[in-house]
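These are my notebook entries on how the parts of one structure meet. I record here what I looked up, entry by entry.

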Amino acid sequence: MEYVTKFFGRIGHVTLEFLAQVGRIADLTWQTAYWIAVAPFKGKGLRWKSTVEQMVRIGYESIPIVCLIAFFVGLIIAMQSAYQLQQFGATIYVADMTAVSITRELSPLLTAIVISGRSGSAITAEIGTMKVSEEIDALQTMGINPIQFLVVPKTLAMLVMLPTLTIMTNFVGIFGGYLISMATLDLTSARYIMQTMNALQFGDLAGSLVKSFFFALIISKIGAYEGFNVVGGAEGVGKSTTRSVVSSIFLIIVADVFFTALFFSTF
Amino acid sequence: MAETIVEVKDLVVRYGTRTVLNGVNLAVKKGESLAILGKSGCGKSTLLRHMIGLSKPKSGQILIRGKDISEMDEDEKIEVLKKMGMLFQSAALFNSMTIGDNVALPLREHTELEESTIKIMTNMKLDMVGLSGFDGFRPSEISGGMKKRAGLARALAMDPEILFCDEPSAGLDPVVAAGIDKLILSLKKAFKMTIVAVTHEMASVKIIADRIAMMHEGKILAIGSMEELRGMGHPVIEQFFNREPDDEEIDRQRYLMA
């Protein structure tokens with residue numbers, strides 16, 4: 001009986017803790033939304049200089065790595081598709097396969113995962129280190145809201161740059177598929193491009209951008225939340241950073257399932 | 001009689017089952033310098049965090065000029081905080097900014113001053129704490145004592161009425177520590193600031209404090225001048241003033257020596 005009580009007690013404790021965390025993340029998101037959408041109309045402007053700096057860090061500096069990954073993924077998808085489709089003499093559909101899978105799924109997902117590892121972890125580490133060294137307390141004692149000062153520029157930059165990078169990786173991924181097809185398949189450039197354009201619909205690109213917008217929200221919110229919740233010193237920063245990346249990637253994939261079901265399900 | 005500028009009423013703070021502050025009552029008069037003294041872990045820093053609004057009391061009140069800080073809206077609280085300066089134990093300088101930008105930050109956030117004016121004011125504050133010429137340095141490029149001075153310059157940026165200091169001379173060598181203490185005292189005299197300093201360093205207390213609030217086990221044990229506290233003959237105060245170790249500590253040392 002004691003074990004049963006302990007078991008259900010543990011489940012209850014974990015559930016309550018999970019719900020409390022969801023509540024705190026929702027509160028952080030709400031406060032960020034207030035500082036972005038409401039506060040500027042009350043004379044509390046956005047920190048544009050800091051936002052642009054974050055855009056450079058999150059977006060511009062990530063271009064080489066996300067493009068390289070997208071290029072290789074494009075190559076892989078094209079090679080895998082060609083391998084299967086040539087059995088049916090349908091290699092022209094490599095263009096469709098590459099374009100659709102890159103645009104709908106792989107580009108937003110992989111870009112978000114790379115940015116989560118690169119910039120989400122940096123957000124947690126920066127805010128966490130500031131918390132450990134009392135810099136967050138210092139901001140508060142100066143009457144400066146840490147969410148306005150730290151979270152809003154990072155969130156805005158993420159919301160702008162992740163969809164931008166996703167558009168970029170869409171093109172690079174498709175270009176990777178195009179290159180390998182031109183090199184290995186008996187297809188003309190014009191035919192491949194025409195086939196790609198016919199395969200893609202506006203909804204594919206729109207879905208890709210909607211996904212990346214929500215992925216950006218997940219990365220910035222989880223990154224900031226874990227940063228503010230650092231406990232202890234350097235070890236605590238390390239633990240929170242790991243938790244931030246793992247939670248972000250998990251939630252990105254869960255959100256991807258949701259959006260794929262919403263936009264592309266057959267049921 | 002001087003006006004009460006900060007008042008703590010029946011403050012109780014608990015972390016889980018542990019009571020850290022157990023009904024603290026304290027009044028800080030305008031223009032005085034009050035040292036909050038006590039052993040490590042007696043609740044001094046927790047009391048200070050509540051006084052500057054970093055933590056919200058679950059029971060009791062913190063009144064700034066008669067108004068409860070936890071009931072203020074965001075704008076009211078900012079106005080109150082603008083008149084307060086805080087020197088942190090670790091200085092808490094922003095490592096991503098230069099010393100100059102650290103000091104300029106409150107001015108940039110809370111005033112409409114031109115950048116050239118902010119630069120002049122920043123240099124004035126740095127000069128005041130003996131750091132003129134260091135505005136372009138990063139916190140990682142200066143010593144611990146200089147960081148404290150820079151933290152003090154930042155705390156003074158908005159010309160506060162009240163300066164809160166958490167262990168102002170902790171971790172510094174006696175010469176640098178005395179320099180920081182004397183600097184705080186001279187600023188208090190020059191600008192008629194109210195000072196609240198949390199410390200366990202008797203040398204600092206002698207230099208800075210007009211009055212001492214002696215804390216013990218989450219309560220204010222006694223308040224008064226150093227002479228008044230000495231005259232009370234309370235064993236805890238005597239032990240603290242005479243730097244005598246606890247009985248448990250003596251037993252532990254005997255055990256180690258045996």
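**Entry 1: domains of chain B.** The structure I consulted is a predicted model. For chain B, the assignment gives domain 1 as 4-83 + 160-257 and domain 2 as 92-159. I then looked up the spacing of these two parts: the C-alpha centres of domain 1 and domain 2 of chain B are 26 Å apart.

**Entry 2: contact between the two domains.** I asked how many residues of each domain of chain B are in contact with the other. The size of an interface is often given as the accessible area lost when the parts come together. Between domain 1 and domain 2 of chain B, about 1,200 Å² is buried, and carbon and sulfur atoms account for 75% of it. Within domain 1 of chain B, the residues that lose the most area to domain 2 are B:Lys82, B:Pro160 and B:Leu183, which together make up 42% of what that side buries.

I next searched for polar links between these domains. The count of salt bridges between domain 1 and domain 2 of chain B is zero, while two residue pairs are in polar contact, both residues being at pLDDT 80 or more. On the side of domain 1, the elements of chain B giving two or more residues are α2 (74-82) and α6 (174-191). Of the elements, α6(B) gives the most, with seven residues. By class, I recorded 13 nonpolar, two polar and three charged residues on this side of domain 1 of chain B.

**Entry 3: contact between chain A and chain B.** I turned to the two chains and found 17 residues of chain A and 22 residues of chain B in the contact. The area buried between chain A and chain B is about 1,600 Å², with 57% from carbon and sulfur atoms. In chain A, the most area is lost to chain B by A:Glu134, A:Thr141 and A:Met142, together 36% of what that side buries.

Which salt bridge does A:Arg47 form? I found its partner to be B:Glu109, with the closest N and O atoms 2.5 Å apart. Helix α5 of chain A (residues 135-141) supplies the largest share of the side of chain A that touches chain B, namely six residues. That side of chain A divides into seven nonpolar, five polar and five charged residues.

Definitions and conventions. Residues numbered from 1 in each chain as written. Chains lettered and ligands numbered in written order. Predicted model: local features only at pLDDT ≥ 70, side-chain atom pairs only at ≥ 80, totals over all residues. Heavy atoms only, no water. Contact = heavy atoms within 4.5 Å. Buried area = accessible area lost by both parts, 1.4 Å probe. Salt bridge = Lys/Arg side-chain N within 4 Å of Asp/Glu carboxyl O. Helix = DSSP H or I, 4+ residues; strand = E, 2+ residues; numbered from the N terminus. Nonpolar A, V, L, I, M, F, W, Y, C, P; charged D, E, K, R; others polar. Domains from an automatic or database assignment. Polar contact = N/O pair within 3.5 Å; in protein donor to acceptor, adjacent residues only side chain to side chain.
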